[in-house]
Amino acid sequence: MNHLYPIFLKVHELNVLLVGGGFVATEKLEFLLKSSPLAQVTVVSREFRPEFLEVASKADTVTLIEDLYHEKYLGGKHLVIGATDNKAVNRQIRDEAKERFLLVNIADTPELCDFYLGGIVTKGNLKIAISTNGKSPTTAKRLRQLLEEVLPEEIDDLLENLNAYRATLKGDFEYKVKAMNEITEGLVRKEIQDHRQ
């Protein structure tokens, strides 16, 4: 059973440390910037692959530090991602981050992670996160691709319209919930009827 608690972080308001500059670090940075283009990321690595530099160059909020990992780089950070090819360094990152009560993700090592970077589908204001509890990133990726394909771009228009309708409602919270349920239930019934015809 998946016991993870899903949350959506305002990464543009947090300070993230990413350690590594290779293929896995490139994937992690791409994921962060795709989900949160203004993510504040400091990257420490003794060297950076050209692919990594290409991704990093697209965001003004990414700071590169060419150096070996040192605990001092944890200062002022909220989230830490370890993506080096050195297991001992990754373990050190995890241990030192935990001493500071920081949330940490060590790439491809679920037992050293406080959180996973799952599959994410974004359609305007709609964001869906997919987790396989660290068991199969490939499955999360395939589900993400499927949802990106089947969810129409117009879903954001629906969200905007429902939000505008909600703003017109008077009354207490219970009344608003009831009114929103009635209007959205009608949309679902109409959708089912349209498909049957």
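Tutor: A salt bridge pairs a side-chain nitrogen of Lys or Arg with a carboxyl oxygen of Asp or Glu within 4 Å. The model here is predicted. With that cut-off in hand, take Lys123 and Glu153, whose side chains meet in a salt bridge with an N to O distance of 2.9 Å.

Student: Where in the chain do Lys123 and Glu153 lie?

Tutor: Lys123 is in strand β6, residues 119-123, and Glu153 is in the loop between α4 and α5. The pair links distant parts of the chain, 30 residues apart.

Student: Is Lys123 buried or exposed, and is Glu153 buried or exposed?

Tutor: Relative accessible area decides that. Under 20% a residue counts as buried, and over 50% as exposed. Lys123 has 6%, so this residue is buried. Glu153 has 56% and is therefore exposed.

Student: How many salt bridges does a search of the whole structure find?

Tutor: The search finds 8 salt bridges. One of them joins Glu148 and Lys34, with the closest N and O atoms 3.5 Å apart. Glu148 lies in helix α4 (residues 137-150) and Lys34 in helix α1, so this pair ties together parts that are 114 residues apart in sequence. Glu148 is partly exposed at 26% relative accessibility, whereas Lys34 is exposed at 53%.

Student: Which residues are linked with Lys34 and Glu148 in a network of salt bridges?

Tutor: Arg144 is linked with Lys34 and Glu148 in such a network.

Student: What is the N to O distance for the pair Arg94 and Asp95?

Tutor: Their side chains meet in a salt bridge at 3.8 Å. Arg94 has a relative accessible area of 22% and counts as partly exposed. Asp95, at 30%, is partly exposed too.

Student: Which residues are in contact with Val41, leaving aside its neighbours within four places in sequence?

Tutor: Val41 is in contact with Val16, Leu18, Leu29, Leu32, Thr61, Val62 and Thr63.

Student: Where does Leu33 lie, and which residues does Leu33 touch?

Tutor: Leu33 lies in helix α1 and is buried, with a relative accessible area of 13%. Not counting residues up to four places away in sequence, Leu33 touches Ala39, Val55, Ala59 and Val62. For scale, the C-alpha atoms of Leu33 and Glu99 are separated by 27 Å, and these two residues are 66 apart along the chain.

Student: What do Tyr5, Ile7 and Leu9 form?

Tutor: Nonpolar side chains can also group on the outside. Tyr5, Ile7 and Leu9 form a nonpolar patch on the surface, and together they have about 370 Å² of accessible area. Ile7 is placed in the segment before β1.

Student: Is Asn105 buried or exposed?

Tutor: Asn105, in strand β5 (residues 103-106), is buried at 3% relative accessibility. A polar atom of the Asn105 side chain lies 2.8 Å from the backbone oxygen of Phe115. Leaving aside neighbours within four places in sequence, the contacts of Asn105 are Lys28, Val80, Ile81, Gly82, Cys113, Phe115, Tyr116 and Leu117.

Student: Last, the backbone. What is phi of Phe101, and what is phi of Asp108?

Tutor: Most residues other than glycine have a negative phi. Phe101 is not a glycine, yet its phi is positive, about 60 degrees. Phi of Asp108 is near 60 degrees, again a positive value in a residue other than glycine.

Student: Where are Phe101 and Asp108 found?

Tutor: Phe101 is in the loop between α3 (87-99) and β5, and Asp108 is in the loop between β5 and β6. Phe101 is exposed at 78% relative accessible area, and Asp108 is exposed at 71%.

Methods: Residues numbered from 1 in each chain as written. Predicted model: local features only at pLDDT ≥ 70, side-chain atom pairs only at ≥ 80, totals over all residues. Heavy atoms only, no water. Contact = heavy atoms within 4.5 Å. Patch = residues over 30% accessible without salt bridge, like charges linked within 9 Å, V, L, I, M, F, W, Y side chains within 5 Å. Areas by Shrake-Rupley, 256 points an atom, 1.4 Å probe, with all protein chains shown as cover. Helix = DSSP H or I, 4+ residues; strand = E, 2+ residues; numbered from the N terminus. Buried < 20%, exposed > 50% of the residue type's maximum accessible area, 1.4 Å probe, protein only. Polar contact = N/O pair within 3.5 Å; in protein donor to acceptor, adjacent residues only side chain to side chain.
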